[in-house]
Structures are given as C-alpha cells and as structure tokens.
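Here is a short report on one protein model and its ligand. Keep the structure open while you read.

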Amino acid sequence: MKFIVNGGKKLEGEIEVRGSKNAATKMMVASLLTDEECVLENFPRIGDAEITKELCELVGSEVKNEGHILRIKTPNITNFRVTQLSRRNRIPILALGPLLARTGKAEVPILGGDKIGPRPVDIHLEALKALGARIETDENYYHAEAPQGLKGAKIHLRYPSVGATENTILAAVLAKGQTMIENSAIEPEIVELILMLQKMGAVIETGSDRRIYIEGVNKLKGVSHRILPDRNEAVSFASLALAHPNNRIKVVDARQSDLITFLNAVRRIGGEYKVENDGIVFFGASNLSANNIETDTHPGFMTDWQQPFVILLTQAKGTSIIHETVYEDRFGYIEDLNLMGANIKVFSKCLGELPCRFAGNGQPHSAVVSGPTPLSGRNLKVRDLRAGMAHLTAALIAEGKSVIEGVEEIDRGYEDIDGRLKSLGADIERR
Ligand code: EPU
C-alpha cells in the first residue's frame with residue numbers, strides 16, 4: 001500500500017492523540033495474568049494491537065473490540081506455545097512471564113533484529129532466569145519452564161531497557177516473595193502498566209533511583225483501565241505543525257507531563273506552543289534555530305522523537321548535532337531526506353557527551369544537520385514505523401508530489417493516519 005502526498009498544504013485544526021501503542025500492547029499481555037475480564041479504554045486501532053490480539057487469542061484469550069474499547073478475558077491458558085503468529089512484532093517475548101505464572105511453561109518466537117538495530121533480549125532473559133525460569137533456545141524459539149513457580153529476586157538490569165523492565169514486572173507480580181528491580185526503565189508507559197497491575201491486585205511501587213519493588217501475590221483480578229495518550233503520536237503531530245510556517249495544529253489529549261523534554265527542545269529552537277487544558281497547540285515557525293539533541297532513556301529526549309525532530313532541524317537555521325544513544329542504527333531514513341534536499345551527514349563517532357554503548361563500534365549513530373533546506377517531494381520507501389512517519393512528515397511539508405511505499409509499517413502505530421491528516425487539510429491519498 002502507498003500514500004500519494006501533494007506537499008506544502010497548510011495544515012490547521014485539531015487532531016486527537018490515540019491511546020499509546022507501547023502501553024496498549026503491554027496491557028493486553030498483562031491481562032493474561034488474570035482469568036477475569038480486563039477492559040482497556042482509549043484503545044488504539046493499529047496494526048501492532050492486531051498482532052498482539054492474535055498472540056493473546058493463540059494462548060486462549062477471548063478478545064472483543066468495540067470502537068476504542070477492548071475487552072479481553074483469558075479464563076484458561078489453552079496453549080503455552082506462541083508458535084503460529086502470522087505477523088511479527090516485539091511483544092511475544094513479554095508473554096513469557098504471564099505464561100510461566102499461569103502454566104509453568106512458555107514458548108515464544110525468537111525476535112531477531114530489525115531495521116533500527118540488532119535488538120537483543122539478553123537482559124530480559126537474564127532477569128527471568130534470576131526469577132527462577134529455565135530458558136533454552138533453539139533456532140526459532142525460547143522454551144521456558146518454571147515447574148516450581150517463579151521466585152522473587154533482586155535484579156540489576158545492565159541497561160534500563162523498557163522491554164526488560166516490563167518483562168520482569170510481568171513475571172514478578174505473581175512470583176513468590178519480593179522482587180527489587182534496579183536500574184529499571186521508568187518511561188510513562190511503564191508507570192501506567194504499574195498502575196493497571198496495582199488495580200488488578202499487584203503490590204508494586206516505584207522508588208527513587210530507578211528502583212521498582214514488587215511483592216508477589218497469589219492471584220490478580222480483572223480491571224478497567226484507560227490507556228494514556230500516545231506521546232510519540234503527539235510528538236509526530238507537534239513536529240508536523242512546527243515544521244511549516246503556515247501550520248497551526250492543536251494536538252488534543254497531548255500531556256505536558258509526558259512531553260517535558262520535548263517541549264524544552266522545541267523552545268530551545270524557537271518553536272512556539274501553548275499548553276491548554278485538553279491539549280497543546282503548536283504553531284508553525286519560519287525562524288527556527290539549530291540546536292543539539294542527545295537521545296536517552298526517560299526522562300531524557302526519547303529515541304522515537306529523534307526522527308520527527310530531525311525533520312524540524314532541517315528547517316532550522318544553523319548546524320544541529322544529534323547523538324542517538326539508544327539504538328545503534330536509527331538514521332537509515334536520512335538518505336531519503338538528503339535526496340529530498342536536506343543536508344545531513346551521519347557519523348559513527350559519538351558527537352555528544354552522554355555515555356554511549358556504541359562508542360568505537362563503527363555504528364552510524366550521530367548526525368549533523370545543516371539548515372534551513374527546503375524539501376521537495378519524491379518517491380520514498382518506509383523503513384520502520386517512526387522513520388515512516390518522518391517520511392510522511394517530510395512529504396507533507398515538502399513542495400511537490402511524493403509517493404510513499406510500505407505504509408503498512410506506519411499503520412502499525414498510527415490509527416487512520418491519512419484520514420486524520422486529511423481533516424487538517426493534508427492532500428494525501430491511500431492506494
Ligand atoms: N537492549 C539490549 N538487551 C535487551 C534489551 C534491550 O541490549 O535485552 C538494547 C536494545 O537493543 C536497544 C536498547 O537496549 O539498543 C533499548 O531497548 P529497549 O528494550 O529499551 O526498547 P524496547 O522495549 O525494545 C521500546 C519501544 C520502542 C522504543 C524503545 C525505547 C515497544 C514495543 N517498543 O522498545 O518503540 O523506541 O522502547 O523507548 O514498547 C516504536 O514504537 O516504534 C519503538 C521502536
């Protein structure tokens with residue numbers, strides 16, 4: 001499927017942020033921890049949720065989706081093997097904990113790397129082993145067992161990985177005894193998962209210094225929970241508004257508290273926004289100025305904001321430096337931006353001050369953007385979800401026509417993106 005975009009149109013009006021992809025999918029997995037019904041409100045209708053639905057159904061869930069409400073109930077785990085998925089995302093590895101907790105056994109596919117880096121799950125596996133799981137790996141699957149059940153433990157994560165933190169939490173809430181996770185990720189989506197689990201009966205709290213404390217309980221119950229707004233969607237729409245002087249977009253349901261670092265970065269480059277009770281209005285600017293960004297774990301500048309912000313920096317005056325410290329290969333989309341008229345050079349050196357795991361390993365994880373450069377439309381092929389949205393943003397602010405292929409990747413994380421952009425005045429057609 002592709003999008004045909006005639007760029008440069010004025011984008012004005014309101015766009016509502018949907019529920020967070022990276023919370024919704026994890027909450028579906030969390031629902032596997034109970035035999036009672038879980039109701040997720042503000043549920044996004046996106047490709048990744050469909051893939052996760054398939055996963056849950058495969059192990060025994062009954063799933064009903066009405067509008068933006070998802071009802072999911074798993075009376076029994078009828079199958080501990082996640083072996084028949086028709087499509088892949090990164091969620092199955094998170095099902096290890098709930099499946100082990102309910103059946104003592106689990107089998108999930110090996111995920112392999114993707115277009116933003118090798119994405120290993122070694123930290124997930126170390127944590128689950130510390131909780132007592134025995135895990136063996138063959139060519140395609142992780143086979144896990146905990147015949148005596150999982151037992152609480154003190155776990156230090158070598159890196160505050162989002163997925164490894166979630167995996168450990170999901171495994172520890174029904175484990176026997178206490179778990180302390182040190183150096184955990186503390187992203188808003190994780191805090192929200194903790195809130196949901198607490199409502200389900202888990203005893204769990206966050207301490208200072210990236211610590212999470214969990215006291216295992218015997219049983220969890222059903223819950224009704226409203227999913228937090230997607231801060232990555234909010235940043236995508238904010239960047240689209242700011243990147244063209246004619247634009248003015250109110251991002252309804254964008255939460256200032258989840259966007260503090262982004263909003264500071266916007267202010268530093270001279271972007272204007274106004275926080276209102278029910279969202280944030282972003283104003284297109286013609287006099288943005290360059291600045292430097294280093295991506296980091298929360299509360300730092302998020303890696304998923306890097307791509308939309310680079311588009312903004314192509315429209316800013318001067319030289320900006322971006323140091324990507326979370327993923328080693330997240331600049332692949334830049335080649336296309338340069339073909340559209342941007343002036344961006346990619347380097348394997350660390351061009352920043354944050355300690356970085358990629359120092360000296362030759363990975364292209366720093367970029368220098370010189371601007372402002374007008375962009376012109378062209379044919380583009382989507383690389384991954386966030387880069388795809390960056391392509392679309394670039395096409396919308398560029399002069400002329402762009403054809404963007406592979407938009408299924410964008411649909412994985414953005415509900416009815418073309419329909420919603422059209423309501424702002426975008427000239428976009430899906431074919
Ligand atoms: N890492 C390891 N070993 C592990 C786990 C992670 O080396 O066992 C490394 C990764 O290779 C990566 C870094 O740690 O370099 C961060 O990975 P993390 O585990 O924090 O990320 P994730 O859980 O795989 C989630 C989001 C990503 C988002 C990152 C960072 C989901 C489904 N995905 O991924 O979102 O970029 O956290 O915030 O929640 C997206 O939405 O498009 C997306 C990629």
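The report starts with the ligand and then turns to the strands.

**The ligand and its shell**

This is a predicted model. Where does the ligand lie? Domain 1 (2–18 + 229–430) and domain 2 (21–226) both give residues to the shell around the ligand, so the ligand lies between them.

How many residues surround the ligand? There are 24. The closest are Lys26, Asp122, Ser161, Asp304 and Val326. By type, the shell divides into ten charged, nine nonpolar and five polar residues.

| Residue | Polar atom in the residue | Distance to an oxygen atom of the ligand |
|---|---|---|
| Lys21 | side chain | 3.0 Å |
| Val162 | backbone | 2.7 Å |
| Arg357 | side chain | 3.3 Å |

How much of the ligand does the protein cover? Taken alone, the ligand exposes 830 Å². The protein buries 91% of that area.

Which elements build the shell? Four of them give two or more residues each: α1 (21–30), α4 (122–130), α5 (162–172) and α11 (385–397). Lys21 falls within the residue range of α1, and its side chain supplies the polar atom at 3.0 Å. Val162 falls within the range of α5, and here a backbone atom takes part, at 2.7 Å.

**Strands around β20**

Now look at strand β20, residues 366–371. Is this strand mostly covered or mostly open? It is mostly covered, with five of its six residues buried.

Strand β20 has two partners here. With β18 (residues 318–323) it pairs in the antiparallel sense over six bridges. Find Ile322, which stands opposite Ala367 in β20. With β19 (residues 343–347), β20 again pairs in the antiparallel sense, over five bridges. There, Asn343 has Ser370 of β20 as its bridge partner.

**Strands around β8**

Next comes strand β8, residues 141–145. It pairs with β6 (residues 105–109) in the antiparallel sense over five bridges. In this pair, Ala106 stands opposite Ala144 in β8.

Strand β8 also pairs with β7 (residues 134–137). This pairing is antiparallel too, and it runs over four bridges. Thr137 has Tyr142 in β8 as its bridge partner. What joins β7 to β8? A hairpin does, through three residues.

Methods: Residues are numbered from 1 along each chain as its sequence is written. This is a predicted model: local features need pLDDT of at least 70, side-chain atom pairs count only at pLDDT 80 or more; totals for chains, interfaces and linings use all residues. Side-chain values use heavy atoms; hydrogens and water are left out. Buried means under 20% relative accessible area, exposed over 50%, partly exposed in between (1.4 Å probe, protein chains only). Two strands pair if DSSP finds at least two bridges between them. A residue is near a molecule or strand if one of its heavy atoms lies within 4 Å of it. A polar contact is a pair of N or O atoms within 3.5 Å; within protein, one must be able to donate a hydrogen and the other to accept it, and residues adjacent in sequence count only if both atoms are side-chain atoms. Accessible areas come from the Shrake-Rupley method with a 1.4 Å probe; for residues, only the protein chains shown count as cover. Ala, Val, Leu, Ile, Met, Phe, Trp, Tyr, Cys and Pro count as nonpolar, Asp, Glu, Lys and Arg as charged, and the others, Gly among them, as polar. Domain bounds come from an automatic or database domain assignment.
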